[in-house]
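Welcome! Open the model in your viewer, and we will walk through it one selection at a time.

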Amino acid sequence: MKGNRFWAWSALIFGLIYFALPLIGMTEFSFRMRRGEYSFDAYRVVLADPNFRATFSYSVTLAVLTIILSVCLTVPTAYWVRLRMPRWRPVIEFVTLLPLVVPPIVIVFGYIRLYNTSSLLPLTGTITGTNALLVAGYTVLSLPYMYRAVDTGLRAIDVQTLTEAAQSLGAGWFTIMTRIILPNVLVAVLSGAFLTFAIVIGEFVLAALLNRPAFGPYMQLIGANRAYEPAALAVISFGITWACMGLIQLVTRFSQATRASR
Amino acid sequence: MAFLELEHLRKFYGENEVVKDFNLHVEQGEFISFLGPSGCGKTTTLRMVAGFETPTEGVIRIDGRDVSRLRPNARDIGMVFQAYALFPNMTVARNVGFGMKVARRPKAEIEARVAEMLRLIGLPDLGERYPFQLSGGQQQRVALARALAARPKVLLLDEPLSALDAKIRVSLREEIRAIQKSLGITTIYVTHDQEEALSMSDRIVVMNAGVAEQIGDPFAIYGRPATRFVANFVGQLNTLRARLVDPAAGTVDLGGQPVTLGRPIPGPAGREVSLAIRPEAVALGALPGNDVTIEAPVREMNFLGSVIRIKAGLGAELVSLDLFNNAATRPPEVGATVPISFAAADVLVIED
Ligand SMILES: Nc1ncnc2c1ncn2[C@@H]1O[C@H](COP(=O)(O)OP(=O)(O)OP(=O)(O)O)[C@@H](O)[C@H]1O
Ligand SMILES: [Mg+2]
């Protein structure tokens, strides 16, 4: 019993050190821009950089668009699969997991090959087209998380009976989707959305190869040319990711409280 | 022309025919129960009326209009489910008003109707609650109000009470029937609980293996079951084998004692016939009006509260009879031979 606890604690401490030490080191380093004392100078420089603001807001915009597209894609699909094609669920699930297996670099080369300027649909020829392509790519990357989140949300409600109840009251598909299904999986959608947000903000490969001014390539650029600023950037983006995770926790906790007696 | 007509309905799932040539005409305002054992096709038939299943063959007409191929949301029906199926994201009031909102009724009308419906189900103050804040019985009432709020032509209920406990079940079934009567809405009620069906319905459809075995009012179903299945399924029943002695006079030999039913029974003398009689039609001792009295030894006695059920032997068979538990008179001892009596008219001759 005692020995057990010793090993459990050792494992935990080892894990904490393994994860926390580089973080602490990086954070500490990011404060050392001014010689001989700790300061927020690196952060000040980063936040004042117009490129930081431009790329960051660009990525945020794309993240929001990605979330919208992803929701429009996954919610009706997951709903329909649960309602009418339960036998196809494993297949759909497998498909949504593919982005975890196929590297983004393959996806982006596929895109470039399919949509280059000499193709039938020359999306890469215009800025809007390339942006659209980037959103589409991000949506693919978000699929595994988004689909799972939505599917889990749907599991909590009796999709079939609620649909039939709504139908018997005269509702059509659009009403059922927007008034009943979406509101009931909103919490799940939100947790998927925060994950998607975190992914899009930090994504590098797609944005770099499609040559769009996103936050990921900007971080890489700074990292290659400066000393202290990249550390500050990393801390910032890490903070964003953690904030997203925290929001997921919060939203889930909140929804559990309101549905406690179900 | 009846208000709701089901004609020659059939439903196949693959090779499996689960509803077989089902015919039913329901008058406006009538309360019809589908009663039958699990898997007999009650739900399937109801869902065909609702539009959730498409009949393989046959026609469904509501108020003269053929709705067989109409989508569920165009059929003007209200439906109550066993699992309540309230929308968890909406308050009680918004649940009840949903159908009217979908139909784009004016806001004032919706509010007035919702208030009226909540009063009707006896929950006038719970409009702002969410479904998860209600008990099962309350949720089912709200579901009923929701189904009725948009004034549908037909109300369909699929075992609405089977998820509730016994006491609420009884009070709620009375309430449902009262509301149904006050609104005069044509209703189909699916249940496998015979007490529910007998106590609520204008007419009952007893179903077995996809077939409507008998359609009739509760008295007919209980008192004059048309088939052996109905006789056995509805109510307690003594079935006794007897030997036919005189076909013309209807005399049979019941455990060594002659019993005359006073009506001809087909068949040659000496053949075996099955007789059936309800426990409550058999009395202990000779009773005025009971024209058959025989002697039988008491074999078992079961105390059921207000009633004592006695099993008396007739040859090799046992006949159950009910005795009201009356503190002043002592029940007979097990083993004692007692006279039992019944009216010959209450004895059913069942053809196998
Ligand atoms: N979707 C389906 N696919 C195949 N067979 C089905 C389907 N739905 C029902 N059945 C079959 O049809 C028959 C009738 O089912 P139904 O649900 O109508 O019975 P029920 O009378 O409502 O029974 P219960 O009292 O258990 O609800 C059953 O044998 C069932 O297995
Ligand atoms: Mg059923």
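**Stop one: where the chains meet**

Select A:Glu164 and B:Arg47: they form a salt bridge, with the closest N and O atoms 2.8 Å apart. A salt bridge here is a side-chain nitrogen of Lys or Arg within 4 Å of a carboxyl oxygen of Asp or Glu. Between chain A and chain B the count is one salt bridge.

Before going on, note that this is a predicted model: local features need pLDDT of at least 70, side-chain atom pairs count only at pLDDT 80 or more, and totals for chains, interfaces and linings use all residues. Residues are numbered from 1 along each chain as its sequence is written, chains are lettered from A and ligands numbered from 1 in the order in which they are written, and side-chain values use heavy atoms, leaving out hydrogens and water.

Now show the whole contact (heavy atoms within 4.5 Å): 22 residues come from chain A and 21 residues from chain B. Together the two chains bury about 2000 Å², 63% of it on carbon and sulfur atoms; buried area is the accessible area (1.4 Å probe) that two parts lose on being put together, summed over both. On chain A, pick A:Ser168, A:Leu169 and A:Arg179, which lose the most area to chain B, together 30% of what that side buries.

**Stop two: inside chain B**

Colour domain 1 (4-233) and domain 2 (238-350) of chain B; the bounds come from an automatic or database domain assignment. Their centres, taken over C-alpha atoms, are 40 Å apart. Seven residues of domain 1 and six residues of domain 2 make the contact. Finish on B:Tyr222, B:Arg228 and B:Ala231, the residues of domain 1 that lose the most area to domain 2.
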